[in-house]
Amino acid sequence: MEAPIHTMELLFQQLGLDGTSQAVAHFIDKNSPIAQGVKLHEAAFWTESQSLCLAEMIDEDADWAEIVDQLNVLLR
């Protein structure tokens, strides 16, 4: 199995958020759990541009998709 191309820290930076491990952990603690039936990119805590970025990463099955899926699991 290949290592992911991107890290969680890089994903957060791509979204314009603090990408430090501590900041990522705080974000997850603060914003989880996302309600069942709500798609990750539809969660209320994202800005419009962050939501669009996440949706595109999944829809295009981009190389970001794996790490976005991991974030989704962590927020559930």
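The structure is a predicted model. Its protein chain has four helices and zero strands, and Ser51 belongs to one of those helices, H3, which covers residues 48-59.

**Overall fold**

- Read along the sequence, the elements of the protein chain follow the pattern α-α-α-α.
- The radius of gyration is 12 Å, close to the 11 Å that the globule rule gives for 76 residues, so the protein chain is as compact as a globular protein of that length.
- Along its principal axes, the C-alpha trace spans about 30 × 30 × 25 Å.
- Buried residues make up 36% of the 76 residues in the protein chain.
- Of the contacts between residues at least 6 apart in sequence, 64% join residues at least 24 apart.
- The protein chain has an accessible surface of about 5000 Å², and carbon and sulfur atoms account for 52% of that surface.

**Surroundings of Ser51**

- With neighbours within four places in sequence left aside, Ser51 is in contact with His41 and Trp46.
- Trp46 has a relative accessibility of 8%, under the 20% limit, and therefore counts as buried.

**Loop between H2 and H3**

- Pro33 is placed in the loop between helix H2, residues 21-31, and H3.
- The peptide bond that runs from Ser32 to Pro33 is cis, with omega near 0°.
- Ala35 also lies in the loop between H2 and H3.
- The relative accessible area of Ala35 is 47%, which falls between the limits of 20% and 50%, so Ala35 is partly exposed.
- Ala35 and Arg76 are 41 residues apart in sequence, while their C-alpha atoms are 7.6 Å apart in space.

**Aromatic rings**

- A pair of aromatic rings is described by two quantities, the distance of the centres and the angle of the planes.
- The count of aromatic pairs comes to four.
- In the pair of Phe27 and Phe45, the ring centres are 5.4 Å apart and the planes stand at 85°, over the 60 degrees required, so the pair is edge-to-face.
- This pair links distant parts of the chain, 18 residues apart: Phe27 is in helix H2, and Phe45 is in the loop between H2 and H3.
- Phe27 has a relative accessibility of 14% and counts as buried, whereas Phe45 is partly exposed with a relative accessible area of 26%.
- Phe45 also pairs with Trp46, with 4.9 Å from centre to centre and 55° between the planes, and this aromatic pair is tilted.
- Ring pairs join Phe12, Phe27, Phe45 and Trp46 into a cluster.
- Trp46, a member of this cluster, is also one of the residues in contact with Ser51.

Notes. Residues numbered from 1 in each chain as written. Predicted model: local features only at pLDDT ≥ 70, side-chain atom pairs only at ≥ 80, totals over all residues. Heavy atoms only, no water. Helix = DSSP H or I, 4+ residues; strand = E, 2+ residues; numbered from the N terminus. Rg over C-alpha atoms; globule rule 2.2 N^0.38 Å. Buried < 20%, exposed > 50% of the residue type's maximum accessible area, 1.4 Å probe, protein only. Contact = heavy atoms within 4.5 Å. Areas by Shrake-Rupley, 256 points an atom, 1.4 Å probe, with all protein chains shown as cover. Phe/Tyr/Trp six-rings, centres within 6.5 Å; stacked < 30°, edge-to-face > 60°.
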